[in-house]
Amino acid sequence: MFNIQSLASDLQKDLQHKIDTKTKPIGALGTLESIALQIGSIQNTVSPKITKPTIIVFAGDHGIAKKGEVNPYPQEVTTQMVYNFLQGGAAINVFCKQNDINLAIVDAGVAHDFKNITGLIHAKIALGTHNYQEQPAMSIMECQQAIKSGSDICLKQYSQGCNTIAFGEMGIGNTSSASLLMASYTQIPIEECVGAGTGLPSNAIAIKQHILSTVLSKYKTKDPLEILATFGGYEIAMITGAILKAAELRMTIIIDGFIVTAALLAAQAINPLVLEYCIFAHTSGEQGHQKMLAYLQKEPLLNLGLRLGEGTGAAIAFPIVIAATSFLNNMASFEEAGVTDKK
């Protein structure tokens, strides 16, 4: 479905030499050095640059949220937050403006008619998913449509000059969806995948665990696409497609928190090579996210206790990514600076 290439190449030796001969001890810039090596490998150059960095926030509603059993906030908050994004009032707006990141908002499947409101990318598949307590969240065809829509939206950003991209999400109830996806793709017990979401107290978390455990036992599929269709949201499926397309286009992908990493689990189940293109922004305060990262054997850049979503962790981590390319391109080598290298 997606033609993703491995980053292994002879160029990595040249990149590592350039990194090692900067005016510093070898390895002294720590994680910045590994990021520089990765981005240079992605762009296939020893002088990589970040151009038109973009965060795309996908919004969608979930059938299970209508009952309010697993979500402290009512479903209409998804709609209200999309309007907030468009008006510039959310955290993601603040952090994108601060770090000069382009922000795009997508209606992937919100249970509301936004009509032709400007500033919104209209990609709605349906007015929210079905309740997976009763039936799969979406059909295979709907899931494939969502993946293609996410892919197309990513391609458009690429065609406009973006080479570094991150994804955010908004959807009341989507931590439940992410927990089910996590349990299905990783085989980690569902109880270890479920957290507080947008602020459930401990007794409500126990109820949420029981509900999702019952849901998980209802379905036995192991096919990656069918898992995504059964438990996913339209926003999660679109992020999955966007991640896969970004890797195919050799873009650098900054992975946000719990929900986006659930979409990445789906993407890597479809094509494992996608992981080579990903930089992990942060560890979420949602307990399942830490286990996701351990499963993927990835170290995040930050640990700030964030559990907001929207792509906020990715936005905050962007300056670190830029710093990695900045030192690689602008820092003098020992030879250029006339500084004696170690023998």
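**Reading the labels in this predicted model**

Trainee: What makes Ser-47 partly exposed rather than buried or exposed?

Mentor: Ser-47 has a relative accessible area of 30%, and the scale calls a residue buried under 20%, exposed over 50% and partly exposed in between, with a 1.4 Å probe and protein chains only, so Ser-47 falls in the middle class. The model is predicted, so local features need pLDDT of at least 70 and side-chain atom pairs count only at pLDDT 80 or more, while totals for chains, interfaces and linings use all residues. Residues are numbered from 1 along each chain as its sequence is written, and side-chain values use heavy atoms, with hydrogens and water left out.

Trainee: Where is Ser-47 found, and which residues is it in contact with beyond its neighbours in sequence?

Mentor: Ser-47 is found in the loop between α2 (31-43) and β1 (54-60), where the names refer to DSSP runs numbered from the N terminus, helices being H or I of at least four residues and strands E of at least two. Leaving aside neighbours within four places in sequence, Ser-47 is in contact with Lys-18 and Asn-329, contact meaning heavy atoms within 4.5 Å.

Trainee: Which elements do Lys-18 and Asn-329 belong to, and why are those two helices called roughly perpendicular?

Mentor: The axes of helix α1 (residues 11-20) and helix α13 (residues 312-330) come within 9 Å and cross at roughly 80°; these axes are lines fitted to C-alpha atoms, for helices over the stretch in contact, with angles running from 0 to 180 degrees between N-to-C directions. Angles under 35 degrees count as roughly parallel, over 145 as roughly antiparallel, 65 to 115 as roughly perpendicular and the rest as oblique, and α1 and α13 are therefore roughly perpendicular to each other. Lys-18 makes the contact with Leu-15 and Ile-19 on the α1 side, and Asn-329 with Phe-327 and Leu-328 on the α13 side. These residues divide into 4 nonpolar, 1 polar and 1 charged, where Ala, Val, Leu, Ile, Met, Phe, Trp, Tyr, Cys and Pro count as nonpolar, Asp, Glu, Lys and Arg as charged, and the others, Gly among them, as polar.

Trainee: Why is Leu-181 called buried, and what does it touch?

Mentor: Leu-181, in helix α6 (residues 174-186), has 0% relative accessibility and so counts as buried. Not counting residues up to four places away in sequence, Leu-181 touches Ile-227, Leu-228, Phe-231, Gly-232, Ile-236 and Ala-262. The C-alpha atoms of Leu-181 and Ala-266 are separated by 7.7 Å, although the two residues are 85 apart along the chain.

Trainee: What makes a set of residues a nonpolar core, and how many residues has the largest one here?

Mentor: A nonpolar core is a set of buried Ala, Val, Leu, Ile, Met, Phe, Trp, Tyr and Cys residues joined through side-chain atoms within 4.5 Å. The largest has 77 residues, and Leu-228 is among those with the most contacts inside it, along with Phe-58, Ile-165, Phe-167, Ile-243, Ile-253 and Leu-264. Helix α10 (residues 234-248) gives the most to this core, with 10 residues. A second, separate core of 39 residues includes Ile-19, Ile-55, Ala-59 and Ala-314.

Trainee: How do you know whether α12 is parallel or perpendicular to α11 and to α6?

Mentor: The axes of helix α11 (residues 258-270) and helix α12 (residues 287-296) come within 9 Å and cross at roughly 30°, which makes the pair roughly parallel. The contact of α11 with α12, which includes Leu-264 and Met-292, has 7 nonpolar, 4 polar and no charged residues. For α6 and α12 the axes come within 11 Å and also cross at roughly 30°, so these two are roughly parallel as well. Ala-178, Met-182, Tyr-185 and Thr-186 of α6 meet Gly-288, Lys-291, Met-292 and Tyr-295 of α12, which gives 5 nonpolar, 2 polar and 1 charged residues.
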